[in-house]
Amino acid sequence: MSIEQFPVEAPRLQALSPEHNRSLDEPDLAHELALICRAVARVASEYLVDARTLVSSQTTSEKASHHDPVTKFDKQVEASVSDILAHLVPGSRKLGEEHGEEILVPLKTEPSLPEGIVLPNLQPHVDARSLGSRVRWIIDPIDGTSNFAAGLTDFNTSIAAELDGSVIAGAVHVPCANETFWANQTEGWLETRDGFFALDSNGPTAEKDAVLLTYFPTVSELRAYPDTALDVMRELSFAFRAIRRPGAAALDLAHLAAGRAGAFFATSLKPWDVAAAVHLVKVSGGTIDQKNLGTDVPAHLGPAVAASAASFDSPTLRRVLTTIESVRRELS
């Protein structure tokens with residue numbers, strides 16, 4: 001049941017002013033970081049809506065294979081977002097899909113941005129600006145690049161804020177829908193043209209009534225353990241009302257947080273796919289079972305995510321996640 005039936009008052013959208021004359025506690029800092037995530041995730045919205053129609057073979061290349069494209073727009077947006085975050089919180093760190101791990105140092109008084117990307121009108125409280133390396137931003141400039149490169153509209157910009165190693169804020173912005181899913185440490189909102197709606201993942205009450213959004217199996221999983229992959233896919237197909245593979249994992253998890261989908265399952269995600277969106281699901285009351293599957297990433301950024309709405313338990317997701325974890329352990 002989508003939360004859009006229940007509008008709420010707008011949360012605080014302006015940073016706290018220095019006149020507060022006090023140090024901010026963690027909930028206040030979390031909201032300051034959430035405001036930054038929200039504002040910066042939206043800076044390239046119009047730019048990306050226009051760029052979607054300009055993608056061609058000349059603007060697209062491949063990473064590891066033809067299954068993993070990247071466009072010049074991915075790189076441009078990440079560079080611009082990094083420059084803006086360096087301006088807002090100097091000395092903070094960033095983990096991005098395209099340019100990896102960096103310390104963000106402002107090079108000029110204001111970032112030099114390409115046409116169509118604008119500096120947000122936001123002046124964070126001095127306590128937030130002074131956090132420096134305690135903050136790490138985890139960024140996916142275009143989550144759903146294959147969709148974007150094909151001219152489809154299911155893609156987003158995702159930004160999470162870690163404070164001392166824990167995600168306490170995040171935002172997922174969908175340019176073509178003009179929707180922003182964002183959250184501080186304890187509350188989240190869907191922001192649309194029609195107003196604000198509190199994130200609440202309550203919806204279906206059983207697997208048989210739930211739509212499952214999934215990216216299992218990937219090509220590499222079909223190669224590595226084809227029989228198990230097909231068995232798991234068969235089990236998921238029988239358990240859930242329908243299975244969909246829209247093409248942008250962060251957006252799928254945001255839909256779950258907003259009550260639009262009932263469950264999510266994937267086992268080959270990257271930190272920038274999950275950091276902000278898993279936080280949204282947790283804030284919305286949803287259930288997250290996350291595994292790092294032998295990788296060296298922290299548990300909250302693990303590649304395996306089984307998520308379900310707050311309103312039902314999913315024994316099938318728990319079971320198949322255990323199956324994949326066991327197979328991966330045997331192959332390692």
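This is a predicted model: local features need pLDDT of at least 70, side-chain atom pairs count only at pLDDT 80 or more; totals for chains, interfaces and linings use all residues.

**Stop 1: the open sheet.** Colour the strands in the order β1-β11-β10-β9-β8-β7-β6-β4-β5, which together make an open sheet of 9 strands with mixed pairing. Its edges are β1 (7–8) and β5 (100–103), each of which pairs on one side only. Now select residues 179–183 and 188–192: these are β9 and β10, paired in the antiparallel sense over 4 bridges. Show the side chains of F181 and L190; F181 stands opposite L190 in β10.

**Stop 2: two helices on the sheet.** Select residues 72–88, helix α3, which packs on the sheet and touches β4 (93–96), β5, β6 (135–143) and β7 (156–163). The direction of α3 makes about 155° with that of β6. Next select residues 271–283. This is helix α9, also packed on the sheet, with contacts to β4, β6, β7, β8 (166–174), β9 and β10. Its direction makes about 100° with that of β8.

Stop 3: Go to helix α1 (residues 26–41) and pick out H31. Is H31 buried or exposed? Its relative accessible area is 6%, so H31 is buried. Leaving aside residues up to four places away in sequence, H31 touches P11, R12, W182, N184 and W189.

**Stop 4: aromatic rings.** The structure holds 6 aromatic pairs. One of them is F148 with F155, edge-to-face, at 5.0 Å centre to centre and 75° between the planes. F148 is buried at 0% relative accessibility, and F155 is buried with a relative accessible area of 0%.

**Stop 5: strand β14.** Select residues 263–266, strand β14, with side chains shown. A263 and F265 point one way, F264 and A266 point the other way, and all are buried. Then bring in residues 211–214, strand β12, which pairs with β14 in the parallel sense over 3 bridges. The bridge partner of T214 in β14 is F265. Last, select residues 304–308, strand β16, which pairs with β14 in the antiparallel sense over 4 bridges. Here the bridge partner of F264 in β16 is A307.

How values were computed:
Residues are numbered from 1 along each chain as its sequence is written. Side-chain values use heavy atoms; hydrogens and water are left out. Two strands pair if DSSP finds at least two bridges between them. Contact means heavy atoms within 4.5 Å. Axes are lines fitted to C-alpha atoms, for helices over the stretch in contact, and angles run from 0 to 180 degrees between N-to-C directions. Buried means under 20% relative accessible area, exposed over 50%, partly exposed in between (1.4 Å probe, protein chains only). Rings of Phe, Tyr and Trp (its six-membered ring) pair if their centres lie within 6.5 Å; planes under 30 degrees apart count as stacked, over 60 as edge-to-face and the rest as tilted.
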